[in-house]
Amino acid sequence: MGFDLDVVVVGGCGHVGLPLAIAFAERGLQVGIYDINPAAVEEVRSGVMPFDEPGAEEALQRVVSSSHLRPTTDAAVVSDAEHVVVVIGTPVDEHLNPDPKVVPAAVEDLAAHLRPGQLLVLRSTVYPGVTALVERRLSNLGLDVDVAFCPERIAEGKALKELFELPQIVSARNPGALMRARKLFEVLVNEIVELLPEEAELAKLYTNAYRYLKFALANQLYMMANDFSLDYERIRQGVIYNYPRAADLPAAGFAAGPCLLKDTMQLAAFNNNNFVLGHAAMMVNEGLPLYVVDRLSRRYDLATMTIGILGMAFKGESDDTRSSLAYKLKRILRFKAGDVLCTDPYVKVDHNLVPLKEVLDRSDLLVIGAPHRLYADLPVDKPVVDIWGVRGDGVRV
Ligand SMILES: NC(=O)c1ccc[n+]([C@@H]2O[C@H](COP(=O)([O-])OP(=O)(O)OC[C@H]3O[C@@H](n4cnc5c(N)ncnc54)[C@H](O)[C@@H]3O)[C@@H](O)[C@H]2O)c1
């Protein structure tokens, strides 16, 4: 049976789904997007990115105007595509528990639209065992659909570069499904890594846990240096200079965002909450805003001061505030300081932000919350707390 579309991306207006859909469409595939967010679908249909992603809007406009990309809120589009890629969000709850049912439930909701001969590709970062669960559910429903798990490993802000560069991990239990997943992702890259589904599920979580732990190590070393009145960034530069074995020691900074903590906690839950290093990393990374405020309160009478936070996104040059520790910093400071003013040139979703000039004029002390490049050379006549080392003036607090 023929299909009108090569691929439909379920969750295709999201931070991962949309760049992927654009990338496939840029390579000439006929791509559909199914997303439950009508406002985002409308924006994408008119060639507007719902969030910042370098290079994406031009590409989006190309593929929309050439009719290679068709977004809709109608789930029936799923029937039209040979490959159905599911990349919906998989957050942990307020107790840091993953919800292993999110992806299987979404697939079951789509069951009426799935057709024999399709390849269903799970691309969300899933709790280990979810691929097997989806396979069982589809088989119970009597659906003859191949299943693959092919995790996404891009970093936001580099999506449209990395989708064409990073090796793609593909996994499936039967060789036919594996070959089909391989062929699909060879549209994007030459390097394909084949794993078993259970290996691939862990590979994705290991990727993010590794990064989260590296940031935690940097942050703990930062606090250690700082407690001894030493500048971590000077030490780090000394360590990494022409020394490949430590070249990836990160700078200090708020390690946040929608993935790293969440996926480290998914891994901990998977291993019966036995992930000592993962939990230790959480304590360090999540504790950093508290540490900063504690240090500041020893030097300043915060209750009499207005503190300005420069940058509220979870990382530099991003508009994404999901799980940003700049907001934790704000919450702590609102309790301790006289007033707190926040600004960010990229963030559009927070109506409490004020213009940069107002923050600079009214604040007694500035803290860099996100390392946007524009803060590097900003002329200021107030003290700036810069644990990231954006300004090159030292990171001590
Ligand atoms: N953001 C990242 O940098 C990143 C990187 C790699 C992997 N991931 C993983 O990719 C997945 C998606 O993350 P994201 O950041 O793109 O999330 P997101 O919230 O930006 O996007 C998810 C999209 O799915 C849509 N959606 C939700 N439920 C749906 C449903 N039942 N049917 C159709 N559409 C639905 C939402 O409207 C949204 O547009 C997660 O598992 C995440 O862990 C994210």
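Residues are numbered from 1 along each chain as its sequence is written, and side-chain values use heavy atoms, with hydrogens and water left out. Because the model is predicted, local features need pLDDT of at least 70 and side-chain atom pairs count only at pLDDT 80 or more, while totals for chains, interfaces and linings use all residues.

**The ligand**

The ligand is surrounded by 23 residues, where a residue is near if one of its heavy atoms lies within 4 Å of the molecule. The closest are H15, D35, T90, E156 and K262. This shell divides into nine nonpolar, eight polar and six charged residues. Here Ala, Val, Leu, Ile, Met, Phe, Trp, Tyr, Cys and Pro count as nonpolar, Asp, Glu, Lys and Arg as charged, and the others, Gly among them, as polar.

| Residue | Atom in the residue | Distance to an oxygen atom of the ligand |
|---|---|---|
| V16 | backbone N or O | 2.9 Å |
| T125 | backbone N or O | 2.9 Å |
| R322 | polar side-chain atom | 3.0 Å |

Taken alone, the ligand exposes 830 Å², and the protein buries 83% of that. Accessible areas come from the Shrake-Rupley method with a 1.4 Å probe.

Helices (H or I, at least four residues) and strands (E, at least two) are DSSP runs, numbered from the N terminus. Buried means under 20% relative accessible area, exposed over 50%, and partly exposed in between, using a 1.4 Å probe and protein chains only.

Helix α10 covers residues 260–270, and nine of its eleven residues are buried, so the helix is largely enclosed by the rest of the structure. Among the buried ones are L260, K262, M265 and A268. Their cover includes α8 (197–227) and α11 (276–299), where contact means heavy atoms within 4.5 Å. After α10 comes N272, with a positive phi near 55°.

In α5, the buried residues include V130, L133, V134 and L138. The cover over the buried residues of α5 includes α4 (102–110), β5 (119–122), β6 and α8. Just after α5, G142 has a positive phi of about 70°.

L143 sits in the loop between α5 (130–140) and β6 (146–149). Leaving aside residues up to four places away in sequence, L143 touches A111, L114 and L138. L143 and L114 are 29 residues apart in sequence, and their C-alpha atoms are 7.7 Å apart in space.

**Two serines with positive phi**

Most residues other than glycine have a negative phi. S67 has a positive phi of about 60° although it is not a glycine. S67 lies in the loop between α3 (56–65) and β3 (69–72) and, at 42% relative accessibility, counts as partly exposed. S323 also has a positive phi, near 55°. S323 is in the loop between β9 (306–310) and α12 (325–336), and its relative accessibility of 53% makes it exposed.

**The cysteines**

Why is the sulfur of C150 too far from the closest cysteine sulfur for a bond? The closest cysteine sulfur is in C259, 17 Å away, whereas a disulfide is a pair of cysteine sulfur atoms within 2.5 Å. By this rule the count is zero disulfides. C150 is buried, with a relative accessible area of 0%, and C259 is partly exposed at 32%.

Note on methods: A polar contact is a pair of N or O atoms within 3.5 Å; within protein, one must be able to donate a hydrogen and the other to accept it, and residues adjacent in sequence count only if both atoms are side-chain atoms.
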